[in-house]
Amino acid sequence: MRCLVVEDDPDLRRQLERALQDSGYAVDVAADGEEGHFLGETEPYDVIVLDLGLPLIDGVTVLERWRNAGKVVPVLILTARDRWSEKVAGFDAGADDYLTKPFHIEELLARLRALVRRAAGHATPALECGDLRLDPRAQRATVAGDPVKLTSHELRLLTYLMHHVGRVVPRSELIEHIYDQDFDRDSNTIEVFVGRLRKKIGQDRIATIRGLGYQLLDPDATSTSGKG
């Protein structure tokens, strides 16, 4: 999953960036509303953390502009503890959730997981596809109960595919959602990671749809439907 953090406090921004990266996110950061608005307008994110008290352009205005432009990405806003009016303004502008400062990083991570899960239409915390199971919180994947050891990029790739089980995901979409903006997007590493994932979770779980992209499938369900 790819996350944008728009926060002007440098210490908190670095703390959030590290925590999100440690939790498996590809993270972009912005220190003011102008840069944050530009990134949110031009880059495809799975979730955004947006401080409301920003320089250049305030967070509410940034959020209103995103929503007016048709951006539906889940947004969690950060507000000062005594500014209840900011929460109301944030929700009216299109926020999906909020946290008041100071807050515990674990709570923020849990709220982001919930936002991403709901946006993808998943009701339960764990993601499942047949006997393949992924726990985003623990960053742990299993096949038939057996743990699967994944690198950070393999985990990002599998997480995105499991949020979109059964859908053909274009290669370009995978590149946009599992790498931050500074990554070399002209590389062919997606194919390498898909190949490694197939070796670890089963060759027949990820189908290559020629000219379109990749599709995560439940091999047992596929074979059963084929028999009919």
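A residue is called buried when its relative accessible area is under 20%, exposed when that area is over 50%, and partly exposed in between (1.4 Å probe, protein chains only). The structure described here is a predicted model, in which local features need pLDDT of at least 70, side-chain atom pairs count only at pLDDT 80 or more, and totals for chains, interfaces and linings use all residues. Residues are numbered from 1 along each chain as its sequence is written, and side-chain values use heavy atoms, with hydrogens and water left out.

By the definition above, His-163 counts as buried, at 7% relative accessibility. This residue lies in helix H6 (residues 152-163); helices (H or I, at least four residues) and strands (E, at least two) are DSSP runs, numbered from the N terminus. With neighbours within four places in sequence left aside, His-163 is in contact with Met-1, Val-116, Arg-117, Ala-120, His-122 and Leu-127, where contact means heavy atoms within 4.5 Å.

The protein as a whole has 9 helices and 11 strands. Its radius of gyration is 19 Å, close to the 17 Å that the globule rule gives for 228 residues, so the protein is as compact as a globular protein of that length. The radius is taken over C-alpha atoms, and the globule rule is 2.2 Å times the number of residues to the power 0.38. The C-alpha trace spans about 60 × 35 × 35 Å along the principal axes of the protein. Of the 228 residues, 46% count as buried. Where contacts join residues at least 6 apart in sequence, 57% of them are between residues at least 24 apart. The accessible surface amounts to about 11,200 Å², and carbon and sulfur atoms account for 48% of it.

Charged side chains were examined next. Side chains of opposite charge can pair when their charged atoms come close. A salt bridge is a side-chain nitrogen of Lys or Arg within 4 Å of a carboxyl oxygen of Asp or Glu, and by this rule there are 13 salt bridges.

One of these joins Arg-14 to Asp-11, with the closest N and O atoms 2.6 Å apart. The two residues are 3 apart in helix H1 (residues 10-22), and about one helical turn therefore separates them. Arg-14 is partly exposed, at 41% relative accessibility, whereas Asp-11 is exposed, at 51%.

Another salt bridge is formed by the side chains of Glu-107 and Arg-111 (3.0 Å, N to O). Both residues belong to helix H5 (residues 105-119) and are 4 residues apart, about one turn of the helix. Glu-107 has a relative accessible area of 32% and is partly exposed; Arg-111, with 27%, is partly exposed as well.

A further salt bridge is found between Asp-131 and Arg-205, with 2.5 Å between the closest N and O atoms. This pair links distant parts of the chain, 74 residues apart: Asp-131 is in the loop between strand E6 (127-129) and strand E7 (132-135), and Arg-205 in the loop between helix H8 (189-201) and strand E10 (206-209). Asp-131 is partly exposed, with a relative accessible area of 33%, but Arg-205 is buried, with 6%.

Note on methods
Accessible areas come from the Shrake-Rupley method with a 1.4 Å probe; for residues, only the protein chains shown count as cover.
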